[in-house]
Amino acid sequence: MTEPTIYELSSAGRIGVRYPESDVPAFDIPDEFIRTDLPLPELSEVDVVRHFTHLSTMNYSIDRGLYPLGSCTMKYNPKINEVTSRLPGFANIHPLQPIETVQGNLALMYNLQEQLKEISGFAAVSLQPAAGAQGEFVGVKIIRAYHQSRGDTRRTRILIPDSAHGTNPATSAMNGLEVIPIPSDSRGNVDLVKLHELCDETVAGLMLTNPNTLGVFDENVIEVIETVHKSGGLVYGDGANLNALLGITRPGDLGFDVMHFNLHKTFSTPHGGGGPGSGPVGVAPHLVDFLPAPIVSIVEEATDEVPPLYGFTIPAKTIGRVKAFCGQFGVMVRAFTYIRMHGADGLRKVSEYAVLNANYILSKIRRKYTLPYNRSYMHEFVVEGCWSDAPDVHALDVAKRLMDYDFHPPTNYFPLIVHEALMIEPTETESKQVLDKFADALLKIAEEAHSSPELLKEAPHHTPVGRLDEVKAAKELVLCCWLPDRN
Amino acid sequence: MFIPHTKAETEEMLKSIGVCNLADLFADVPEKYRFPRLNLPSGVTEMEVLSELEDYSQANEPVSELVSFLGAGAYNHYIPAVIDSLLRRGEFYTAYTPYQPEISQGTLQAVFEFQSLISNLTGMDASNASHYDGATATAEAGVMAYHHFRGKRTRIILSPAVHPQYREVLCSYLCNYENISIETGSKEKGPFENPSELIPLIDDQTALVVVQYPDFFGRIFDYRILAEKVHENGALLAVVANPTALGLIKAPGEFGADIVVGEGQPLGIPLSYGGPYLGFFATKKDLVRKMSGRLVGETTDAQGRRGYVLTLTAREQHIRREKATSNICTNQGLMTLAATIYLSLLGRHGLKQVANLCYQKAHYAAQQISTIPGFELVNKEPFFHEFVVKCPKPVGEINRDLLDNGILGGYDLGIDYPQLKNHMLVAVTEMNSKDDIDVFVELLREAGND
Amino acid sequence: MKTLENLKYASTDEWLLVEGNTATLGVSDYAQDQLSDVVFVEITAGIGETVSKGSVVATIESVKAAADVTIPVSGKVIAVNEDLASTPELVNSDPFGAAWMIKVELSNPKELDDLMDAKAYIEYCETRSH
């Protein structure tokens with residue numbers, strides 16, 4: 001079932017869309033600049049529609065079924081978000097229009113900032129970062145800037161738990177900080193003894209995901225944060241797992257100094273096959289001045305007759321701009337729509353059911369899958385995708401076999417501290433029926449692993465392609481194709 | 001709202017878990033901080049939220065209701081209907097990152113095609129799956145160059161004619177990083193300096209020279225000599241390119257660019273107040289492994305069927321962790337699909353046609369404006385679809401008058417360049433008819449008379 | 001897991017073949033097994049360059065990992081294996097032979113005392129397996 005590429009479908013002379021002829025007098029283009037060869041394919045509109053429609057049928061998607069991917073929060077993407085974000089008053093606005101002509105957008109952004117502040121317990125929010133990783137970059141940069149502003153230049157190290165997402169150490173390295181891994185204890189919490197040992201005046205802070213990537217809420221979170229604060233460091237919160245905490249607790253209240261949000265996880269904006277995301281950052285009062293510029297604020301207060309005038313301000317000690325214009329605005333509209341539909345009660349329900357769903361699956365499969373930490377779990381949990389009495393079977397094989405049951409696999413091989421990890425996060429939008437089917441599939445696969453492991457090793461069987469040769473891809477490195485008439 | 005559970009199902013599930021009620025699931029949260037009362041407006045139904053969002057959207061003046069001559073990094077181009085109709089397919093927009101290739105061939109092949117189109121368009125050997133936008137792609141070029149020389153070269157030379165916001169972002173990423181120094185041309189000559197004036201700054205400590213093509217002021221330069229000088233000194237050349245322009249003018253690969261980055265918004269992506277947009281990043285074969293971001297490669301399965309996978313993933317954050325050169329994870333997936341469809345629809349002839357329309361109309365506008373007393377075309381170099389006009393009054397004042405007449409005027413360069421008060425950057429695209437341009441010119445004439 | 005008796009081993013899985021004042025460096029069989037299929041090798045140290053103990057001299061990439069190769073001794077690089085760029089899979093098939101990476105002239109032979117012999121290395125690897 002191979003779909004040709006647009007290059008293979010190309011037929012000289014075809015064009016997919018026509019434009020009107022020029023209605024102005026002709027001007028010459030200087031010869032030395034004229035491009036003589038533009039090797040793009042030529043397709044008709046029908047060719048294009050059919051081609052991409054065929055491609056779409058080869059994709060799994062949330063609209064098709066469950067994605068139990070831990071730490072990704074693959075909840076249902078409400079269709080109303082697609083309507084609101086496409087309203088012409090949002091979609092057709094140039095980013096540099098005078099602020100008087102974009103008061104609707106600025107009001108929306110201001111209110112989204114306020115909503116995120118309230119949800120997380122922070123004093124101020126910047127909507128500028130384009131994704132979670134960029135939000136992390138901003139957060140860590142703010143921590144560095146804060147210490148530097150106090151004349152404290154010794155803090156060049158940052159503590160990161162061994163269960164952390166890879167973006168955490170990568171972000172720290174990008175900020176010129178030395179990464180010091182901190183282990184988890186036998187209950188999956190940050191090792192307090194180690195933490196006390198490591199916290200000193202060379203430590204800028206700690207990056208903490210809570211609940212962490214194991215799916216557990218740190219039982220000592222208050223002490224962890226106080227320990228870091230006592231030694232003069234700050235605590236960065238990775239908000240990837242916020243779906244467990246809406247209306248349950250607020251990171252700002254717990255003592256976090258700065259945190260990023262993932263609008264494309266917690267707040268239902270679509271994953272789009274790899275983006276766009278949006279990674280706003282919230283900060284505690286002492287860090288407000290460092291946020292990236294610009295922030296949306298009220299520049300003229302409302303009176304009885306007129307609404308407030310919204311505009312942009314530059315925080316006094318800003319770390320600078322991290323993206324052109326104001327951020328992923330189209331994504332913000334979707335998140336705003338979602339939050340408005342839910343309100344406080346709705347958001348709390350989201351987290352309650354996210355946690356209920358994860359624990360329900362766990363209750364059904366734990367007799368057949370090893371759970372490395374004997375804890376209560378939140379919106380996700382990690383099990384081992386292997387059995388000592390089925391030595392040939394790995395988590396990868398379990399993952400591939402799930403595709404034969406028409407499920408997307410859970411996250412594989414992460415976090416690194418669990419052997420053959422399978423990280424499962426169903427989210428709150430999955431029904432009991434779907435969860436039952438998924439649990440049954442996992443139990444069946446556990447059985448197959450022992451009775452007929454080749455079913456797993458050769459999986460998937462029913463997909464457009466089977467397991468692909470990744471070694472060949474990396475060695476031969478074919479990263480693009482060309483028109484047939486060009487070598 | 002989107003939670004399907006009935007009361008009975010919830011009871012059954014709680015029983016299976018072994019707790020009495022939902023609140024019991026949160027025993028690990030310290031009691032003092034548990035279940036805060038969030039001060040948010042009550043949730044509303046779909047009907048109500050649509051009405052509310054419509055109110056917000058109507059408090060704006062969209063470009064679709066105005067005639068626009070505003071560019072400066074985001075351009076009002078026609079978006080063919082096919083694009084959104086395909087983008088709205090749930091199989092595309094509700095799909096996840098293609099980490100499981102067997103069930104993501106749709107996304108993977110589309111990205112592979114995107115990589116191919118961008119490589120062809122820019123004249124490079126390979127492209128990645130995208131960065132957040134043109135500004136961050138430019139910053140990543142700096143990061144890549146720094147790591148390519150393994151920290152042994154610490155100077156980056158940044159033309160002052162690169163988009164001001166891109167320069168800010170590059171600085172946010174690199175200014176305090178290790179011992180990197182960023183130089184922005186000679187201070188005396190100002191923003192309109194010629195690229196040849198960057199040449200004396202290049203030395204054996206230079207990792208990267210960055211120029212824009214066409215530059216922020218719309219000018220087109222021949223960068224061949226600059227490229228030669230950059231390479232003579234062993235450094236790399238990055239070109240920030242406008243993708244529409246590349247339908248008409250020579251590709252940076254032809255004149256010696258090592259890295260080509262830019263903003264892909266003109267390729268079928270709505271203006272949407274600045275985001276989500278699309279950063280593209282392309283480079284030469286020998287630099288491919290230094291490129292950050294996702295890469296899709298072609299391969300086969302056990303039955304010999306062709307398929308696509310994410311490749312060279314060992315460079316990325318989830319494996320390399322603190323040794324990764326970039327932390328990028330989520331990119332701009334759906335926007336790359338939009339650009340791929342746009343370029344597939346337009347193809348070799350369509351893109352050239354759009355580029356040519358922009359060129360012709362911009363030159364007509366420039367010619368007409370140059371006849372208005374008090375208004376002066378500042379630059380004599382060839383330009384693509386933007387040009388700088390010196391105005392007899394502050395740009396803000398002129399734009400207010402224009403807006404009263406339904407026209408969105410050009411960008412006030414005084415905002416970013418203190419030496420350029422009263423200078424307007426005018427952009428013209430295929431969306432501007434001759435009549436639009438004539439009305440614009442007339443209104444400028446009137447504004448100049450007061 | 002293969003080892004060769006006549007080699008010295010570092011805790012970071014590099015091996016050294018010492019002949020007089022010259023040492024040849026590569027990565028061990030344990031390392032290539034951990035990495036699985038190697039797709040790319042880049043030797044970053046150049047001929048004539050002085051390298052110090054612990055510095056990175058090469059990077060190895062496989063499908064699932066990327067690793068820095070560090071040299072456990074100091075010296076001057078006198079040879080570099082050009083074949084690895086085109087045939088990285090040699091690291092998997094012949095880690096102790098054809099997949100040698102660099103040769104150095106030792107500047108401080110005392111550093112060799114910090115390395116393990118084959119027996120110690122085998123024991124060390126056994127304690128690491130999960």
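Mentor: The side chain of Thr202(A) makes a polar contact with the side chain of Arg157(A), at 3.0 Å; a polar contact is a pair of N or O atoms within 3.5 Å, where within protein one must be able to donate a hydrogen and the other to accept it, and residues adjacent in sequence count only if both atoms are side-chain atoms. This is a predicted model, in which local features need pLDDT of at least 70 and side-chain atom pairs count only at pLDDT 80 or more, while totals for chains, interfaces and linings use all residues. Residues are numbered from 1 along each chain as its sequence is written, chains are lettered from A and ligands numbered from 1 in the order in which they are written, and side-chain values use heavy atoms, with hydrogens and water left out.

Thr202(A) sits in the loop between helix H8 (192–198) and strand S4 (203–209) of chain A, where helices (H or I, at least four residues) and strands (E, at least two) are DSSP runs numbered from the N terminus. With a relative accessible area of 22%, Thr202(A) is partly exposed; buried means under 20% relative accessible area, exposed over 50%, and partly exposed in between, with a 1.4 Å probe and protein chains only. Leaving aside residues up to four places away in sequence, Thr202(A) touches Arg154(A), Arg155(A), Thr156(A) and Arg157(A), contact meaning heavy atoms within 4.5 Å.

One of those neighbours, Arg154(A), leads on to Asp152(A), for their side chains meet in a salt bridge of 3.7 Å, N to O; a salt bridge is a side-chain nitrogen of Lys or Arg within 4 Å of a carboxyl oxygen of Asp or Glu. Asp152(A) counts as buried, at 8% relative accessibility, and from C-alpha to C-alpha Thr202(A) and Asp152(A) are 9.4 Å apart in space, although 50 residues separate them in sequence.

Elsewhere in chain A, a salt bridge of 3.1 Å, N to O, joins the side chains of Lys457(A) and Asp397(A). This pair links distant parts of the chain, 60 residues apart, with Lys457(A) in helix H14 (residues 454–457) and Asp397(A) in helix H12 (residues 395–404) of chain A. Lys457(A) is partly exposed at 36% relative accessibility, whereas Asp397(A), with a relative accessible area of 3%, is buried.

Looking at chain A as a whole, one finds 15 helices and 12 strands. Its radius of gyration is 25 Å, close to the 23 Å that the globule rule gives for 487 residues, so chain A is as compact as a globular protein of that length; the radius is taken over C-alpha atoms, and the rule is 2.2 Å times the number of residues to the power 0.38. The C-alpha trace of chain A spans about 80 × 70 × 45 Å along its principal axes, and buried residues make up 68% of the 487 residues. Of the contacts in chain A with a separation of 6 or more, 72% are between residues 24 or more positions apart.

Chain A also meets chain B, with 199 residues of chain A in contact with 183 residues of chain B. Between them the two chains bury about 16800 Å², 63% of it on carbon and sulfur atoms, buried area being the accessible area (1.4 Å probe) that two parts lose on being put together, summed over both. Tyr19(A), Phe33(A) and Arg35(A) supply 5% of the area that chain A buries against chain B, more than any other three residues. Across this interface of chain A and chain B the rule finds 12 salt bridges, and the side chains of Arg348(B) and Asp37(A) meet in a salt bridge of 3.8 Å, N to O. Helix H11 (residues 329–365) of chain A gives the most to the side of chain A that touches chain B, with 27 residues.

Chain A has a contact with chain C as well, which takes seven residues from chain C and five residues from chain A. Chain C and chain A bury about 460 Å² between them, 74% of it on carbon and sulfur atoms, and the count between these chains is one salt bridge. Glu89(C) forms a salt bridge with Lys475(A), where the closest N and O atoms are 3.2 Å apart.
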